[in-house]
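Let's take a walk through a protein model together.

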Amino acid sequence: MVTAAHPLSAHQAGTVPDTNTPRVPGNRAVAAVRHLGPNWYASVMGTAIVATAGAGLPGDVPGLRTACTAVWALSLALLLALLTARALHWTYHRDQARAHLLDPAMAPFYGCLSMALLAVGGGTLLVGRDWIGTPAALAVDAVLFTAGTLIGLTAAVAVPYLMVVRHRIEPGQASPVWLLPIVAPMVSAALGPLLVPHLPAGQPRETLLLACVAMFGISLVATFVMLPMVFARLVTSGPLPLALTPTLFLVLGPLGQSTTAVGKFADVAPGVVPAPYDQGFALLAVLYGVPVLGFALLWLALAVAMVVRARRQGMGFAMTWWAFTFPVGTCVTGAEALARHTGLAAFEVLAVALYALLLTAWSVAAARTTHGLLTGKLLAAPR
């Protein structure tokens, strides 16, 4: 593997090269987390979206909600475990943690912390309440939403700032990973409306809803800035390195999540914002959601074709495979939103089909990650 001066290769390994490993006090667990980067939060995001997307599927499948609640519980356990591991990482391996921030391939993954908090929080209110009760679920979601939103907004500013003033990036190194910090506010925009009905009527509800709309705009415009650079890199420099090819699925994140967000705005707007703005949100849900989800399906087809090509050329498992999960899940929730607001069976079928794809991707990524942890390969120092 090459050095951190080549950010794509550093991301491929899921960490940055470690040329000065200090003596670590404590037990083996402390030593094991030295190379645990923020990219691991993607596994929490991918697990949580399986629960929330499944809960919104059309029809009444026996046992589905219980299964989704169990997956939510797993995502919560993963989040707590990773927060603990990352705390150890920052306590005992600050040199490596700083190296991650200064690595243009790893720094964008700090957006994943925000999205992991938000995804688990949203799942708590959607399905976790079945097991812990609505008051407890509301409290958990309020805490995780607040923390996730603040971290996401910070990452949306801090990571681009580092890209400009500290990172040294060549034109041909543009990557879909760059979307991670700027899509985090869109996740807040999509999950914030869940809390709106629980606030006092009047200005508190309207303030939160319009704050979510503002975060929708922050993320959407930033995506419009970043996405052309990513596509230009593909057409001018050719396909991504094999291990990075799954990151093409990350483009689906802002597309599916923004479609989900406008659907959620329309769900809660009546009685929260005055007329005719409440009806405007209903129009936006369809007039924005349909074309954007259409483009998401186009990009999905392109990404699948590129992944098939990379697989034939020997693409092996890496933590980048978790890119197959959360972005696809946002397209599931986007299709569910369109099904609610149009009444079209076509969107219901699309949601079910995409959820089947999500389940398949999650099962493979989870199994391969578990195997990598048991063998120690995923936590080993880069070669």
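Which helix gives the most to the lining of the largest cavity? It's helix 8, with four residues. Before we look inside, a word on the ground rules: this is a predicted model, where local features need pLDDT of at least 70 and side-chain atom pairs count only at pLDDT 80 or more, while totals for chains, interfaces and linings use all residues. Residues are numbered from 1 along each chain as its sequence is written, and side-chain values use heavy atoms, with hydrogens and water left out. Helices here are DSSP runs of H or I with at least four residues, numbered from the N terminus.

On a 1 Å grid over the protein atoms alone, a cavity is a set of points where a 1.4 Å probe fits but cannot get out, and a lining residue has an atom within 4 Å of a point. Grid points are joined across faces, edges and corners, and a volume is the space filled by probe spheres set on the points. Searching the whole structure turns up two cavities of 30 Å³ or more. The largest cavity holds about 210 Å³ of space. It is lined by 24 residues, and those closest to its centre are Ala-42, Met-45, Leu-180, Leu-250 and Ala-323. Helix 3, helix 6, helix 8 (179-191), helix 10 (252-268) and helix 13 (326-342) each put at least two residues into that lining.

What is the lining of the largest cavity like, by class? There are 16 nonpolar, eight polar and no charged residues. (Ala, Val, Leu, Ile, Met, Phe, Trp, Tyr, Cys and Pro count as nonpolar, Asp, Glu, Lys and Arg as charged, and the others, Gly among them, as polar.)

A pocket is an open set of grid points with protein on both sides within 12 Å along at least five of seven lines. The second largest pocket holds about 400 Å³. Of the 19 residues lining this pocket, Trp-40, Ser-43, Leu-78, Thr-369 and Leu-373 lie nearest its centre. Helix 2 (28-32), helix 3, helix 4 and helix 14 each supply at least two lining residues. By class, the pocket lining splits into 15 nonpolar, four polar and no charged residues.

Running over residues 64-92, it has 29 residues and reaches 42 Å from its first C-alpha to its last, close to the 42 Å expected at 1.5 Å a residue. (The expected span is 1.5 Å times one less than the number of residues.) Several of its residues are buried, among them Trp-72, Leu-79 and His-89. Buried means under 20% relative accessible area, exposed means over 50%, and partly exposed is in between, with a 1.4 Å probe and protein chains only. The buried residues of helix 4 pack against helix 3 (41-55), helix 5 (94-102), helix 6 (110-132) and helix 14 (345-375). Tyr-92 is also in helix 4, but Tyr-92 counts as partly exposed because its relative accessibility is 35%. The C-alpha atoms of Tyr-92 and Val-33 are 9.1 Å apart, though 59 residues separate them along the chain.

Cys-68 is another buried residue of helix 4, at 2% relative accessibility. A disulfide here needs a pair of cysteine sulfur atoms within 2.5 Å, and the whole structure has zero disulfides.

Let's finish with helix 13. Its end C-alpha atoms are 24 Å apart, which agrees with the 24 Å that its 17 residues should span. Helix 13 is mostly covered, with 14 of its 17 residues buried. Arg-340 lies in this helix, and Arg-340 is partly exposed because its relative accessible area is 44%. Leaving out residues up to four places away in sequence, Arg-340 touches Gly-263, Lys-264 and Asp-267, where contact means heavy atoms within 4.5 Å. Just after helix 13, Gly-343 takes a positive phi of about 75 degrees.
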